[in-house]
Amino acid sequence: MKSFLRKAALVAACAAGILSAPTEARAWTGLEGPPYPVWGILPVKFYVNASTFPPEIADTAQQRLVDGFGAWATPECTDFSTQLLGDLPDGTWNSNDNKNVLLWINKPDPWPLELGPVDSVIGVTLPVWSPDGDNMIISDADIVFNNVGFCWYDSITNPGGNCVGGSPVDTLSIATHEEGHFLGLGHTDVAGSTMEPFYDGGNAIASIEQDDIDGVCALYPPGSGIPSCNACTTNAAKTECNGLAMGCNGQCVGIYNCEASCPIAKTPADYKACLDACKMQFPDGVKAYEAYAGCICNLCSKSCPIECPGDSGAGGSGWGEEPEGPKIEESGGCGCSVEGQRGKLGALAALGLGLAAIARRRRRR
Ligand SMILES: [Zn+2]
């Protein structure tokens, strides 16, 4: 599958002459399209590389990066949101590794030639997207800030900055602009917008304006934050539930094989008795399966309402709350219905790679 790479640069005020060229105002744009590239799953997770924060703003840089994203998540007409996962000291910008890293490049390192002129490009966002059905889905985006050709300050804690001889740029302003690219916006011609391509100094673009709001709300309207059940469970199995998935990988095969051996043709009562016997025989497998299924359901109850009824995931499905013990076959809960995968042992064997395929199936009744 082909990926596309787009570099979006915020160009310094030295190019302001271009601004005066008479152009017809063009409202917000996407990175390309339509279809506009967007993230498929919210919140979008990101890291910072704190070791790269310029000394002048080291104390507040992380907060400003979070604040910038917060501005985009604030309008009521959008579901866009992000989540800071933490510091990634070895995080770099030149990789498509599904880790979204925000970092600075500092002297004495050179500003990479491929990112544009060192004295005019303040920041670059590098989103990667590819087709997914009718949609364009962003899978990776890093943001690189230029502390080689510019002097960074914090307009909130140090309004004047301490820049001597360097062109001062406000952290929150530049962050907010680049984070607009990160979420999928291109440049706009609407004067005063954060997504105008040129920075005139100061902190006027630290807050987003109507055209910016129109853009983020068009890309992420209410409801867009709910991924498909498949996407949610796959993502959950690779991230928050990965440890439990791996645990189940080692523990669940026994009960899977046992339950798969319960003949379908028997009466429901016989079938249930067989399943109960399996659960007695493989209590550790039941536990591991429950833990994994509960994790999936907690994260995906909105995406998988049939598989995970109720808002509270595991609890809402009654998972693990039955006084007489686990009820995998009756959970109705997030699949984890071993028997729903009858004849598909491969799916379980490949647990670490994608047990999610199991987790979204309901038991065959
Ligand atoms: Zn830009």
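Which residues does Ser193 touch, not counting residues up to four places away in sequence?

Author: In this predicted model, Ser193 touches Thr188, Ile205, Glu209, Asp211 and Asp212, with residues up to four places away in sequence left out of the count. Ser193 itself belongs to the loop between α2 (171-183) and α3 (210-219). The residue has a relative accessible area of 2%, under the 20% limit, and is therefore buried.

A metal site comes next. The zinc ion is coordinated by the NE2 atoms of His177, His181 and His187, at 2.0 Å. Along the chain, the donors of the zinc ion are spaced as H-x3-H-x5-H. Two of these histidines can be set side by side in terms of accessibility.

Helix α4 (residues 229-238) and helix α8 (residues 283-300) have axes that come within 9 Å and cross at roughly 125°. This angle makes α4 oblique to α8, and their crossing is right-handed. On the α4 side the contact is formed by Cys232, Thr233, Ala236 and Ala237, and on the α8 side by Tyr292, Ile296, Leu299 and Cys300. Sorted by class, the contact of α4 with α8 holds seven nonpolar residues, one polar residue and no charged residues.

Helix α5 (residues 242-251) also packs with α8: the two axes come within 9 Å and cross at roughly 155°. Angles over 145 degrees count as roughly antiparallel, so α5 and α8 fall in that class. The crossing of α5 and α8 is left-handed. Here α5 contributes Leu244, Ala245, Gly247, Cys248 and Gln251, while α8 contributes Asp284, Gly285, Ala288, Tyr289, Ala291, Tyr292 and Cys295. The contact of α5 with α8 comprises eight nonpolar, three polar and one charged residue. Tyr292 of α8 takes part in the contact with α4 and also in the contact with α5.

As for the protein chain as a whole, its secondary structure comes to 11 helices and 10 strands. Of the 365 residues in the chain, 49% are buried. Among contacts in the chain with a separation of 6 or more, 74% are between residues 24 or more positions apart.

Technical notes. Residues numbered from 1 in each chain as written. Predicted model: local features only at pLDDT ≥ 70, side-chain atom pairs only at ≥ 80, totals over all residues. Heavy atoms only, no water. Axes fitted to C-alpha atoms, helices over the stretch in contact; angles between N-to-C directions. Helix = DSSP H or I, 4+ residues; strand = E, 2+ residues; numbered from the N terminus. Parallel < 35°, antiparallel > 145°, perpendicular 65-115°, else oblique. Left-handed = near helix turned anticlockwise from the far one by under 90°. Contact = heavy atoms within 4.5 Å. Nonpolar A, V, L, I, M, F, W, Y, C, P; charged D, E, K, R; others polar. Donors = N, O, S within 2.8 Å, 3.2 Å for Na, K, Ca; no water. Buried < 20%, exposed > 50% of the residue type's maximum accessible area, 1.4 Å probe, protein only.
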